[in-house]
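We will go from stop to stop, selecting a few residues each time.

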Amino acid sequence: MDNLILSAEVIAPLCILMALGYFVKRRKMVSEQTVDQLNNLVFRIFLPTMLFYNIYQTHLSGMVRPRLMIYGFIAMLCMYFLSILIVLLTLKDNRQRGAVAQASFRSNFVIFGLPVTASLFGPEKAGITALLISLIVPMYNFLSVILLEVFRGQKIQIGSIAKKIVTNPLIIGAVLGLICLFFGIRLPNVAEKIVGDIAGSATPLALIGLGASFSFADTRAYRKPLTIGVFNKLIFGPLLFLSIAVALGFRNEELASLTGMLGAPAAVSSYTMAQQMGSDGKLAGQLVVYTSICSIVTMFLLIFGLKQLGVM
């Protein structure tokens, strides 16, 4: 019973904040333009600040886990190629293939990963997840651009990919955090407090913005690709790679970090990227919506299952 209650306590705040966002949008308390502006602000200011702050607050002693980094990278890369294979075997439209494959391997790791680890093991352990994010998020961007270009039939431009990675606010936040961490740079007390306050607002605002972005149009037309994408992202990938992680001996906060990476819904930015790169933008948006909603159940079950096994 304790594990059931703990799992519910971890997932409930995420669920309630997304529901609040959907409610205020449905009640027309905010406009579509306001939601877009909020999401843009969260992506460019709040989430990068949160990522920076979690890395900045990390104590290097015991927090750098090379084995976790290597496994997280390999698991993400394997899921990337498995996603491509699955869409090639199940879908015929290249625009749909790109959208589904991207949603299958690219997760909302920043928004979901840090709160899950902090809720389970305390904020002091969230630095482990932040360090893993600093490795995985740049790879998400790099691999997504290649994936969408391939399914669009365009020539891959390395310069363009590099520019997208270097100018990504999340990457900038992570790099600045790593610089401060490794060189022992400390902010003045006033600046540190301000950064901490902004970082503390990031998760609630991000989840409210995500909920306000939900739209259920065109669901019937995308039934098959939606089913494949949701299954890949929330069931197939997490069960496969978390099972391997448990067998390899990963436990507690390391397993929580991997659960956040593998079990989180499709990244919100996957919709924008699909839209801009000739993929099926509507399908990509629906994948974000349905993986976000279904992840409330699947994340709860993953955490509960791992707690019951005594490995988290």
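Leaving aside its neighbours within four places in sequence, which residues is M261 in contact with? Select M261 and look around. It is in contact with G72, A75, M76, S107, F109, L132, I136, Y140 and K233. Contact means heavy atoms within 4.5 Å.

Two notes before moving on. This is a predicted model, where local features need pLDDT of at least 70, side-chain atom pairs count only at pLDDT 80 or more, and totals for chains, interfaces and linings use all residues. Residues are numbered from 1 along each chain as its sequence is written, and side-chain values use heavy atoms, with hydrogens and water left out.

**Stop 1: the core**

In the largest nonpolar core, M261 is among the residues with the most contacts inside it. A nonpolar core is a set of buried Ala, Val, Leu, Ile, Met, Phe, Trp, Tyr and Cys residues joined through side-chain atoms within 4.5 Å. Buried means under 20% relative accessible area, exposed over 50%, and partly exposed in between (1.4 Å probe, protein chains only). Helices are DSSP runs (H or I, at least four residues), numbered from the N terminus.

**Stop 2: aromatic pairs**

Now show the rings. The whole structure holds 9 aromatic pairs. Rings of Phe, Tyr and Trp (its six-membered ring) pair if their centres lie within 6.5 Å; planes under 30 degrees apart count as stacked, over 60 as edge-to-face and the rest as tilted.

Select Y80 and F105. Their ring centres are 4.9 Å apart and their planes meet at 75°, so this pair is edge-to-face. The pair links distant parts of the chain: Y80 is in helix α3 (residues 66–90) and F105 in helix α4 (residues 94–105), 25 residues apart. Y80 is buried, at 5% relative accessibility. F105 is buried too, at 4%.

Next, select F300 and F304. This aromatic pair is stacked, with 6.2 Å from centre to centre and 0° between the planes. Both residues lie in helix α13 (residues 281–309), 4 residues apart, about one turn of the helix. An α-helix has 3.6 residues a turn, so residues three or four places apart point the same way. F304 is partly exposed, with a relative accessible area of 23%.

**Stop 3: charges over rings**

Select R67 and F250. The charged end of R67 sits over the ring of F250, 4.3 Å from its centre. Then try R186 and Y56. R186 lies over the face of Y56, at 4.0 Å from the ring centre. A charge sits over a ring if NZ of Lys or CZ of Arg is within 6 Å of the ring centre and within 35 degrees of the ring normal.

**Stop 4: helix α4**

Is S104 buried or exposed? Select it in helix α4. S104 is buried, at 1% relative accessibility. Its side chain makes a polar contact with the side chain of N232, at 3.3 Å. A polar contact is a pair of N or O atoms within 3.5 Å; within protein, one must be able to donate a hydrogen and the other to accept it, and residues adjacent in sequence count only if both atoms are side-chain atoms. Not counting residues up to four places away in sequence, S104 touches M79, S83, G229, N232 and K233.

Q96 also lies in α4. Q96 is buried, at 16%. Beyond its neighbours within four places in sequence, its contacts are L91, Y222, P225, D280 and L283.

**Stop 5: helix α8**

Select residues 169–183. N168 caps the N-terminal end: a side-chain oxygen lies 2.8 Å from the backbone nitrogen of L170. The buried residues of α8 include I171, G173 and C180. Among the elements covering the buried residues are α2 (32–56) and α7 (158–166). After α8 comes G184, whose phi is positive, near 65°.

**Last stop: K28**

Select K28, in the loop between α1 (2–26) and α2. Its phi is near 60°, a positive value in a residue other than glycine. K28 is exposed, with a relative accessible area of 72%.

Definitions and conventions:
Helices (H or I, at least four residues) and strands (E, at least two) are DSSP runs, numbered from the N terminus.
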